[in-house]
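Q: Can you walk me through this one? I have the sequence and the coordinates open.

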Amino acid sequence: MTDMLIESRTLEDRIRRALPNDVDYASARLHDERSEHLRVRRNELEPIFTDYDTGVMISIWNGGGLGYAATADLSEDGLDRAVERARHWAEMTGGAMVSVTPPTEHPTGVYRSPVEIDWDTLPLDDRLELLHQQSRLLGIDERIVDWNASLVKREVDTLLVTSGGGRIEQRFRFVYPRLEAVANEGTNTQERTYGAGSFCGQGGAEVLARHGFGDAASRIANQALELLDAPNCPSGEMDLLLAPDQMVLQIHESIGHPLELDRILGDERNYAGTSFVTADMFGSFQYGSELLNVTFDPTVPGQLASYGFDDDGTPATRQHLIENGILLRGLGGTLSQQRTGLDGVANSRASGWNRPPIDRMANLNVEPGTSTVEELIGSIEKGVYLHTNTSWSIDDSRNKFQFGCEYGQRIENGAIVGAVRNPGYRGISQTFWRNLRGVANADSFKVMGTPNCGKGELNQMVGTGHASPACLFGNVDVFGGEE
Amino acid sequence: MSATVGNDHQSYFDELITGATAALIGDEVLLANVAGEQTDFIRLNNNDVRQAGTVEQRRLTLDLIEGRRHVAGAITLTGERSVDDTRVASLLTQLRDQRRLVADDPFLLFNDTPTSTERIERGAIPEPADALRDIRAAGAGHDLVGIYASGDTYNGFANSLGQRNWFQSATFNLDWCFYLQADKAAKNLYAGFDWNDELFARKVDWSTRQLTALARDPKNLTPGEYRTYLAPRAMEELVQLISYYGAFGRRAHETRQTPLLRMIADDATLSPLVSISEDTAGGVAPNFQSAGFIRPDRVSLVADGQYVDTLVSPRSAQEYGVATNGAGDGEYPESLSLTPGTIPTAAVSEALGTGLFVGNLWYTNFSDRAACRTTGMTRFATFWIDEGEIVAPVNVLRFDDTAYHLLGDKLEGLTDEAEVLLDASTYEHRSTDSTRLPGALVSEMRFVL
């Protein structure tokens, strides 16, 4: 069960033999995944869950058509059936496709997640004890009515082979730690978490220390209790300072998705939506203030969506998407670049063996500025400092948004004066980023990720990476909860 | 030409678990769940194919129990018996190793009174080439974008006590839009067991006529409160949001995380016009859950605006000392039904008079979950109606309002017909969830952006 399939030369040979030579292009993408899910809720261990998922997607381009077939049957017969099914689809769709240009490259390469401390050096009973410790630190008061600590370890090995001898081997190792405390008093329920799941990444046991997993539980529980007695967030137009674990969401929804070329091309209009960004904006559109610098960077060691190649086999490199506020480049893989004639990035990605690749975010990061967080706070006459996303909603063109946070702090005359509950804010992407008036320096820069980004028809859930310092926005519509 | 549903998957699962049961040690109990599909997908944009292919997958989940010690795991089945037998044996060995490290599971509960069931829906779904031809013919001259999915889906439960449950259906689901321009589109869905050319043509005609209305100059509305009709698809977004966040789940109620907290911790109510149930008998989801419990045909959740009951999973039943009613671990409705009202469905524009007709809502979430204050966007066909007549499409608006208004004191009425809405979701696998919803007329709905 634990043998790594990408090390099986027999299987690779079988896949290579199955790929046909009499078509324009063929590829096989093997995806072999193993994960362990541990969760302690209210000081009780829930059943340990171990998950294995393996399969292959065969893709065939031929005669102007393209078809895929996904199967978990990796036998010679199973692969042959998948090839024939994909070939049949290519025949059916010839003359009916949005794009008929098959790939020409047969790339080779290897990627491995950087692992400093092998996960297995932390034995299972030690992992369970760690979670029990955190759980005890969360459940500190009778007003904490629910709490849990969890760890997910996930290993994904992929192997892309092509009919012309291409071979891309990638080994990913992920860790997803979570903490959650829910406090209640009457009709007031407040939740505080460990970055809302954003403090995840690639690597081994060292991922736990990156954001202080072992030290966070007491703070989370105490802040949940603090929120019970806090006033509602004030309403009105004011300055808004966003902590990195809210910037994750802000970047993701109002920069990442609007820049996806497949949305601009209309592929997603029936489900995820379109974009207010149009092809003519690249190269000239003032997306944000001059302080805004955004990179697509799959090379950041340990970030959630780092990789060497996308699932089409395109080598991944760092690119500036927005520089000094000007929109330069979109998020689109080779096919979307061909269809739009625009520059893009290597971001054609699939959630697994049973889903075809589409344009996705990878690591999408706001580059640090020069201010300290204290300087940003000191510059605010009236505002709020919001932490950790809890609610997200945005229109299908990725313009009118409303986001909510777990924990807020009111700022008056340059100083934090107290906590506020149920903080939210709303705005319009096109104007919001132009009101960016401060970007904190590398001291507050955090490398995080979004484990579950949904998109696509077929629906797919993938992890995306986001890194950011704290950022300050002016003239934002802020509000609180119901009285 | 049409595909038919066979029983091969059912027999395969039965034999696989019978074999695994024979290899159990001592007093071990095995619970097994399988979810599988063989689905043809055609994704379209601008009436051309973006992606097309077939996915064949079978996921097997095993719970291994000894006394009250309990661990679980899942594998993907290959369909080749010798390989799958080996994978099952290997997983069970690993689970036994893990079980040594765990204490008793205080919330373990499984059905130990075997109750076997079978439901197989045979359909007449078109061959993919025929579907592709018909869909593209319907989309000729239009900017058609969407997804077509068809084929078998199945769910099975088995345990080492001899219980066997099987649910299988062959369905198709075409979820599509005709786009006019930018974000103006007529959204439609055609799903079922038997493809009917005439019914499909009627739906295409409805979408084409809606494009005509969308072609008028759009109207920008300023933030404020508007008299609003929420069509069944818009209602679906609202009820799914509160459902998935525990509005009807026992655990969320006990831990005070339910969006309906004010109904159980205070004296808030919904409108007496609102009665909500989990209507398993009227839905298309399996009537069994992962611990082997059989779901009742119907569970009343809200009656005449008053909280009645929750969906209780076996684990919650143990934790909170109440009886399970066969809910899944997520404790959200899979076949939610809202009882219709008295507004004639054919005359909703007249009933609305002057106000907003909202065909779809989108990306709903909470502004204040404990107060069930929700937000979201209008999407696709949203029109300004004046004295019962369509005046203009309306550019997208953000609402921010509580369920205690929208389904409470601002609710004027519900339509007399409820629409069955099959969930087109395909995250990991094709969904079997559905809702049965009327439209709702709201005297004031708050829009903020």
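Q: Start with helix 4 of chain B. Which exposed residues sit on the face turned away from its buried side?
A: This is a predicted model. In it, the face of helix 4 of chain B turned away from the buried side carries the exposed residues Asp197(B), Glu198(B), Ala201(B), Arg202(B), Asp205(B), Trp206(B), Arg209(B) and Thr212(B).

Q: And which residues of helix 4 of chain B are buried?
A: Val204(B), Ser207(B), Gln210(B) and Leu214(B) are buried. Viewed down the axis of helix 4 of chain B, the buried residues lie within an arc of 120 degrees, so they line one face of the helix.

Q: Why would that spacing give a face?
A: An α-helix has 3.6 residues a turn, so residues three or four places apart point the same way.

Q: What do the buried residues of helix 4 of chain B pack against?
A: They pack against helix 3 (128-139), strand 6 (164-181), strand 7 (184-192), strand 14 (373-386) and strand 15 (389-393), which belong to chain B.

Q: OK, helix 3 of chain B then. Which residues are buried there?
A: Pro128(B), Leu132(B), Ile135(B), Ala138(B) and Gly139(B). Down the axis of helix 3 of chain B, the buried residues fall within an arc of 135 degrees, so they too line one face.

Q: What covers them?
A: The cover includes helix 2 (76-93) of chain A, and from chain B strand 1 (29-45), strand 5 (143-159), strand 6 and helix 4.

Q: What follows helix 3 of chain B?
A: Gly141(B) follows, with a positive phi near 85 degrees.

Q: New topic. Which residues have the most contacts inside the largest nonpolar core?
A: Ile58(A), Leu138(A), Leu240(A) and Cys471(A), in a core of 248 residues.

Q: What does Cys471(A) touch?
A: Leaving out residues up to four places away in sequence, Cys471(A) touches Leu242(A), Met247(A), Val366(A), Leu436(A), Gly438(A), Val439(A) and Ala440(A).

Q: Last one: what does chain B look like overall?
A: Chain B has ten helices and 20 strands. Its C-alpha trace spans about 75 × 55 × 30 Å along the principal axes.

Technical notes. Residues numbered from 1 in each chain as written. Chains lettered and ligands numbered in written order. Predicted model: local features only at pLDDT ≥ 70, side-chain atom pairs only at ≥ 80, totals over all residues. Helix = DSSP H or I, 4+ residues; strand = E, 2+ residues; numbered from the N terminus. Core = buried A, V, L, I, M, F, W, Y, C linked by C-beta atoms within 7 Å. Buried ≥ 20, exposed ≤ 12 C-beta atoms within 10 Å, placed from the backbone. Contact = placed C-beta atoms within 7 Å. Arc of directions from axis to C-beta.
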